[in-house]
Amino acid sequence: MTDHNDVLLRVEALEAVYGGAVQALSGVDLTVRRAEIVALVGANGAGKTTLLRAISNLLPATRGQVTAGRITYDGRDVGRTRTDALVRAGLVGVLEGRHCFRALTVEENLIAGGLGRGSGRADLRADLEQVYALFPRLTQKRRLPAGLVSGGEQQMVAIGRALMGRPRLLVLDEPSMGLSPKVTAEIYRVLADLNRRQGLTLLIAEQSVTLALRHAHRSVVLENGRSVLEGGAETLRSRDDIKQYYLGPRAGAPAPERQPA
Ligand SMILES: Nc1ncnc2c1ncn2[C@@H]1O[C@H](COP(=O)(O)OP(=O)(O)OP(=O)(O)O)[C@@H](O)[C@H]1O
């Protein structure tokens, strides 16, 4: 049984359309407990990005809208809550690729993530130093325009900027997209550390099911806009259809189910 106080985010029977016509979500249920890492997996077009946009209330910016269902964050219905208010409540997203303000320096990008909280200079400086400690290579790049640093570093800037908002739930859309395995591993190591040490809750859309199973406590599979399966690594690996479709021939290797911090 789920203790309701444990639940940070709940999505129930969510439906969403684009342009009043394209049905992108047609029944998604999802629960994210505090201090849990939940991965959202599914093929191209399954609805992962749409679900994350809906949770962050960013669908209207892409001509989309939620047409049915409910999103509850920290016990509150947030279906109509503006994105900036969600951020202030600790629900922070890194969506739409690794969006950076390209003309601003790396450091200015990071600071921008902390401004909405209304904290003072000393707090901002302390948070900034924490981000540099997590991603040391950003320290050397702090004075460079973000548009000039590598794709991996831009992803670190985007995540760092989100962390400056002191999130309780960090929502990430495909953090590994287009990155080398080494940089991907570095980013996931930082995310896993934040989860373990600080109890940061993570909801991550991840096209690589292998990565999802390695890092998440639980994964939710989306197919054609519906949530069709959820479980830990063992549950997903035990399903022949998941193995064949997403994992390929080397899917048999055992991996322990992770427990939340
Ligand atoms: N702005 C948009 N306007 C119209 N249709 C859209 C828009 N964004 C997504 N869609 C459609 O909504 C459906 C779900 O797409 P979505 O991007 O959420 O899937 P996804 O699982 O994130 O896919 P991918 O892994 O390729 O990013 C698809 O049919 C897609 O073509």
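A: Around the ligand there are 15 residues, and Tyr18, Ala24, Asn44, Thr49 and Thr50 come nearest; a residue is near a molecule if its C-beta atom, placed from the backbone, lies within 6 Å of it. This is a predicted model, in which local features need pLDDT of at least 70 and side-chain atom pairs count only at pLDDT 80 or more, while totals for chains, interfaces and linings use all residues. Residues are numbered from 1 along each chain as its sequence is written.

At least two residues of the shell come from β2 (22-33), and at least two from α1 (48-55). Helices (H or I, at least four residues) and strands (E, at least two) are DSSP runs, numbered from the N terminus. The largest share, three residues, is supplied by α1. Sorted by class, the shell holds four nonpolar, nine polar and two charged residues. Here Ala, Val, Leu, Ile, Met, Phe, Trp, Tyr, Cys and Pro count as nonpolar, Asp, Glu, Lys and Arg as charged, and the others, Gly among them, as polar.

Now to the helix. Helix α6 spans residues 151-164, 14 residues in total, and reaches 20 Å from its first C-alpha to its last, close to the 20 Å expected (1.5 Å times one less than its number of residues). Because 13 of its 14 residues are buried, α6 is largely enclosed by the rest of the structure. Buried means 20 or more other C-beta atoms within 10 Å of a residue's own, exposed 12 or fewer, and partly exposed in between, with C-beta atoms placed from the backbone. Leucine 163 is found in α6 and is buried, with 26 other C-beta atoms within 10 Å. After the helix comes arginine 166, whose phi is positive, near 50°.

Helix α3 (residues 106-115) packs with α6 at an angle of about 35°, their axes 6 Å apart. Axes are lines fitted to C-alpha atoms, for helices over the stretch in contact, and angles run from 0 to 180 degrees between N-to-C directions. In this pairing, Val106, Asn109, Leu110, Ala112, Gly113 and Gly114 of α3 meet Val157, Gly160, Arg161, Ala162 and Met164 of α6, where contact means C-beta atoms, placed from the backbone, within 7 Å. By class, the contact of α3 with α6 has six nonpolar, four polar and one charged residues.

Key. Contact = placed C-beta atoms within 7 Å.
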